Amino acid sequence: MESGAGSRDPGIPIPDSRLPIPDAFQRPLGSLRLSVTDRCNMRCGYCMPEEHYVWLPRESLLSFEELDRLAGIFHRLGVRKVRLTGGEPLLRHGLPRLIGMLARRDLVDLALTTNGILLGDHAAALRDAGLRRITVSLDTLRPDRMRAFARTDRHGEVLRGIAAARSAGFRSIKLNSVIVRGFNDDEVADLLAFAGAGDLELRYIEYMDVGGATRWRREDVVTRAELLDTIRRRFGAPEPVPDPGNPHAPAERFRLPDGTRFGIIASVTAPFCGSCDRSRVTADGTWFTCLYAERGVDLREPLRMGADDETIATLIEATWTARSDRGAEDRLRMLERGVLYQVEGLRQDPHREMHTRGG
Ligand code: SF4
């Protein structure tokens, strides 16, 4: 049951001329990832490889009204792109109602990242509620591999979910594939062929050493250069597709000779911190200005203690203005690079988990 709108301030005196709000490196406060749950119905090896997890207390999760109110405050501060994440966001009961609330705001982009298992049941309701863009994680075309790597035998449901999204009228469907050596690096070209045949845009993601990646090893990262080489050998030379209208996009985009487009998010070997306009709110209202940030800012406390919108906006603005995070670049400079956190460190603070931060 969602409840608790808290106090609203009808207007925050931040004139448009002050937008966008720059951080310490002149990066604007531009896009926001809102996590709606830390739970997931998969256990991908690059994110949740352990048997047991410490979950956020249920009473700490923000209600839809609280999430929408926060989105409104961020919107007034210049955020025009919102992506709903998890965990697996479709595990949050009644999600289309939140989509409907957010869709009423003047956003340029409202998107959702899902593992696709529940998409078949919800695609039409999400579309009706106002969602326009969906990204589905699909790391392998082989059900046996998904069973071994993500501990689920619901591969068929993911494929049905993608088909349901298409039938529901979603025109922009992306696939995200994290490529891990020894797991799915022999499927790099097959995944692209699958995406091209279904008019889906595939984005390869380098295996990152974030939060829950407790088995991460440098040698398991399949690099941007390796990906491009594999693709060139199967399909011919890809050519870069500049995207000047989207200077903060994390993916570098390419086009194959047959016109198929794809992207690479080279977070490990070619970090894009210099143009990063992204921040993340966890399902319990902790705001992180970088995926690698050690600590976040508690926005739930002021929300629930009766702070007005202007007070919360001032806190967000002051935090963003001081932001100097360049987490992936800092990691790239490390000579001895291993996992970011050991399991014990994650158990002490579940906010360090990638499935809590929204990836
Ligand atoms: S590491 Fe941090 S600053 Fe760099 S791109 Fe990722 S979220 Fe942005």
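**Reading a mixed sheet and a helix pair**

Author: Let's start with the sheet: 12 strands make an open sheet of mixed pairing, in the order β7-β8-β9-β6-β5-β4-β3-β2-β1-β10-β11-β12. β7 (239-240) and β12 (297-298) stand at the edges with a single partner strand each, so one side of each has no neighbour in the sheet. Bear in mind that this is a predicted model, where local features need pLDDT of at least 70 and side-chain atom pairs count only at pLDDT 80 or more, while totals for chains, interfaces and linings use all residues. Residues are numbered from 1 along each chain as its sequence is written.

Reader: What counts as a strand, and when do two strands pair?

Author: Strands (E, at least two residues) and helices (H or I, at least four) are DSSP runs, numbered from the N terminus. Two strands pair if DSSP finds at least two bridges between them. Take β9 (residues 261-265): four bridges join it to strand β6 (residues 201-206), and the two run parallel. R203 is the residue opposite G263 in β9.

Reader: Which way does β8 pair with β9, parallel or antiparallel?

Author: Antiparallel: strand β8 (residues 252-255) pairs with β9 over four bridges, and E252 sits opposite I264. The two form a hairpin with five residues between them, and G259 in the turn has a positive phi of about 100 degrees.

Reader: At what angle do helices α1 and α2 pack?

Author: Axes are lines fitted to C-alpha atoms, for helices over the stretch in contact, and angles run from 0 to 180 degrees between N-to-C directions. Helix α1 (residues 64-76) and helix α2 (residues 95-103) pack at about 25 degrees, with axes 10 Å apart. That makes α1 roughly parallel to α2 (under 35 degrees; over 145 is roughly antiparallel, 65 to 115 roughly perpendicular, the rest oblique).

Reader: Which residues in α1 meet α2?

Author: F64, L67, D68 and A71 in α1 meet R97, L98, M101 and L102 in α2.

Notes: Two residues are in contact if their C-beta atoms, placed from the backbone, lie within 7 Å.
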